[in-house]
Amino acid sequence: MSGRVADDTAAAVLPGGLRDPDAPFVEDRRGLLWLCEREIVRFMKLWMQTLIAPVMSSLLFIVVFGLALGDNIADVDGVPYKQFIVPGLVVQAILTAAYSNNSSTVFQARSDRFINDVLSSPLRWWEVNIGLAIGGVVRGLLTGILLLVLGVAITGVGVEQPLVLLVATVLVLIAFAQLGVIAGIYAKSWDFMAFVTSLVILPLSFLGGIFYSVDRLPAAWEVVSHVNPIFYLVQAFRIGFVGQGDVSTGLALLVLVALAAGLSAWCAWLFRTGHRLKP
Amino acid sequence: MFDHASTSDSGSGIGSPAARQALSVRGFTKTYEGGFTAVDGLDLDVPDGAFFGLLGPNGAGKTTLIGAICNLVRPTAGEIEVFGHRHDAREARRLVGLAEQDINLDRFLSVQEVLIYHAGFFGMGRAHARRRAAELMDVFELASKAKVRPTALSGGMRRRLLFARAMMHEPRLLILDEPTAGVDVELRSELWEYTRRLHEAGTTIVLTTHYLEEAEALCEEIALIRGGRIIARDTADGLRAQYDADDIAGVYLKAMQGDAAAGNAVPA
């Protein structure tokens, strides 16, 4: 470097001369698009780990519980068991992908402090929020599409109410992408995020009616199921796929809207104020 | 070169559009959660085109001040302007480049991508960003490592990449927070020469360093900071005369000891 420095460094580094400090800020390409792209590039570089592994994991549940054991389990409300479990497994895969992607990308960026590169840029607070969240949205969507295609092909499950499924998917992606960002902002260690995934999201998913209808549970447990937010996610997806669930479509989507709105508001507050992001 | 009194009085910087200050800080205070006040009512002006050194012990408030300028620390009180723009305005942020003290490079991206995405966050178009990344990788001899991730680079190469990243969006104010900490003599010399050239091209440079000879060799003006306050500010010659010292190391020791003897406590 030293030989070059003396000759042409300034010309190379400031090719157009000094920037006019009074010129308005103009983007040739939106910084938000760059941040979105960066987040998608990050998980696509790890596609075996971020896409294939979770799809394979959910597929195993469908094969083992649906195909291998499903013939020995009675239909649930007229729905073959192998088809009954598909909606819950799809929504679980989607929400886990969205959450884990964003919690890890934000925590890693905080931990290594390269998030400063974004926070010191001209990106607006809401652009940073959207940009960091988009990776989880896209990863969750790709995971869901792959599982949907495979689930339909393997079990023959249909999509009875595509609009409900579409709305529920969008709301789940928003809610858990934002939850992941929030967890990444609050986390002090990788253990914290593993704790949330293993001891909060996973148990709530399995207790949310993925493998059973809650009306078969004892009354007390049925009540407990109704305070589990993931129960409503599973119901919304089940209504979308097989056209029926344990609660009404309106209630399931209402809970999803409330969840997505609440988590989005929390996330917006964190980015707008810089709480925990900036000392 | 720059008189402390004349550049920090109320007639310059904030409130006076006629004077062109690259950086103008008024009454900046930062109290962290838990009550620790790192900086208390600091005033500072750095003229456009200056090469300005900020010296002080660990915990003096240098990095807190830099963090606030770069929108990474929330000020408790005070005003900070960059070329007349509020420091948190987009117009201000695109004018500032920061090479932080710690290596903070995106581990998921390659060297080339680190540069390109940084430029992108500042609104640069793809073709321009690619061209500029190629230029800077050439200048910093990183071209052969373009596809390599930062984690696979040597310490010196990572430091060069930090420099290159800070320059990607063509900042007019470049802040270097201990840029030569832990680098070998050869690279330090190269970085010195590089920053000199940038300054000659008109870039305003704010440098913090623990290497006093570095500040003396590079900076037109030096401020000493202790306990979150500027305790002295002048050219290297002016400081030596003021403190009757042979070199900046002597100035530094006398200034710090004098400030402590005057009863000015360092926040604990």
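Modeller: The domain assignment of chain B gives domain 1 (4–95 + 171–261) and domain 2 (103–167), with bounds taken from an automatic or database domain assignment. This is a predicted model, in which local features need pLDDT of at least 70, side-chain atom pairs count only at pLDDT 80 or more, and totals for chains, interfaces and linings use all residues. Residues are numbered from 1 along each chain as its sequence is written, while chains are lettered from A and ligands numbered from 1 in the order in which they are written.

Biologist: How far apart do the C-alpha centres of domain 1 and domain 2 of chain B lie?

Modeller: The two domains touch through 9 residues of domain 1 and 7 residues of domain 2 of chain B; contact here requires C-beta atoms, placed from the backbone, within 7 Å. The distance between their C-alpha centres is 26 Å.

Biologist: Is Leu115(B) buried or exposed?

Modeller: Leu115(B) lies in helix H4 of chain B, where helices (H or I, at least four residues) are DSSP runs numbered from the N terminus. A residue is buried if 20 or more other C-beta atoms lie within 10 Å of its own, exposed if 12 or fewer, and partly exposed in between. Leu115(B) has 27 C-beta neighbours inside 10 Å, so it counts as buried.

Biologist: Why is H8(A) called roughly antiparallel to H11(A)?

Modeller: Angles run from 0 to 180 degrees between N-to-C directions, and axes are lines fitted to C-alpha atoms, for helices over the stretch in contact. Angles under 35 degrees count as roughly parallel, over 145 as roughly antiparallel, 65 to 115 as roughly perpendicular and the rest as oblique. H8(A) and H11(A) (residues 229–242) pack with axes 7 Å apart, at an angle of about 150°. That angle makes the pair roughly antiparallel.

Biologist: Which helix gives the largest share of the side of chain B that touches chain A?

Modeller: In this interface, 48 residues of chain B are in contact with 38 residues of chain A. Helices H3, H4, H5 and H7 of chain B each supply at least two residues of that side of chain B. The largest share, 7 residues, comes from H7(B).
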